[in-house]
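Visitor: Could you take me in for a close look at one part of this chain, and then show me how the rest is put together?

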Amino acid sequence: MSELTHLDARGHARMVDVTLKQPTVRSATATGLVRCGPAVVAVLRDGTAPKGDVLAVARIAGIAAAKRTPELLPLAHVIGVHGAVVDLDVIDEGVRITATVRTADRTGVEMEALTAVSVAALAVVDMVKGLDKSVRITDVQLEAKTGGKSGDWHRTDG
C-alpha cells in the first residue's frame, strides 16, 4: 500500500508540496452516466427539452468545472488546465459523459476530469428534472491517466 501523501506525521490533512516536481504532460479521462427514462431520452434525441440545448449546457458546465476544481476540493492544486473536452452521447439508458483533461504541470488532472463529468451530469439533471425527477447519476469513474511519476494507468475492469 502506498503512503498517504495528504496526511502529515500527526495524521492531519495537508496539501502535498509539488514545488520541486518538474512539469510534465499529463492527461486523465473520466466517464459517467445520467440514467434517464425513455421519454427523456426521446426529448434529448430530438432536441425539444423545454430548458433548451441540454447537451451544450452540460458540455460548457463540465469544461468550466474542470477549471474550477481547486475551488471545490480543498487539497487540489491550482494547475493550468490546458485542454478539456467533454463529450455527451445520448444512449438508450440516458446520457453517457466522457471528459478528458490535459495539462503540462507538476501534478495530474484526475480530479479535474472527474469533476468535469460530475458537474456535466448535474447540469443534465438540472435541465431535465422538470420532465422526470427520477433521473440519476451513476458510474462516475476514472478511465485512464497518463504522465507523471506513477506513469500511465488504464481501467481494466470494464
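**A close look at one helix residue**

Guide: Leu72 sits in helix α3, which covers residues 69–72; helices here are DSSP runs of H or I with at least four residues, strands are runs of E with at least two, and both are numbered from the N terminus. Before going on, this is a predicted model, where local features need pLDDT of at least 70, side-chain atom pairs count only at pLDDT 80 or more, and totals for chains, interfaces and linings use all residues. Residues are numbered from 1 along each chain as its sequence is written, and side-chain values use heavy atoms, with hydrogens and water left out.

Leu72 counts as exposed because its relative accessibility is 55%; exposed means over 50% relative accessible area, buried under 20%, and partly exposed in between, with a 1.4 Å probe and protein chains only. Together with Leu73 and Met111, Leu72 makes a nonpolar surface patch of about 260 Å². Areas come from the Shrake-Rupley method with a 1.4 Å probe, and for residues only the protein chains shown count as cover.

Now step back to the chain. It has 4 helices and 5 strands, running β-α-α-α-β-β-α-β-β along the sequence. Of its 158 residues, 37% count as buried. The chain exposes about 9,000 Å², with carbon and sulfur atoms supplying 57% of that.

How values were computed. Patch = residues over 30% accessible without salt bridge, like charges linked within 9 Å, V, L, I, M, F, W, Y side chains within 5 Å. Salt bridge = Lys/Arg side-chain N within 4 Å of Asp/Glu carboxyl O.
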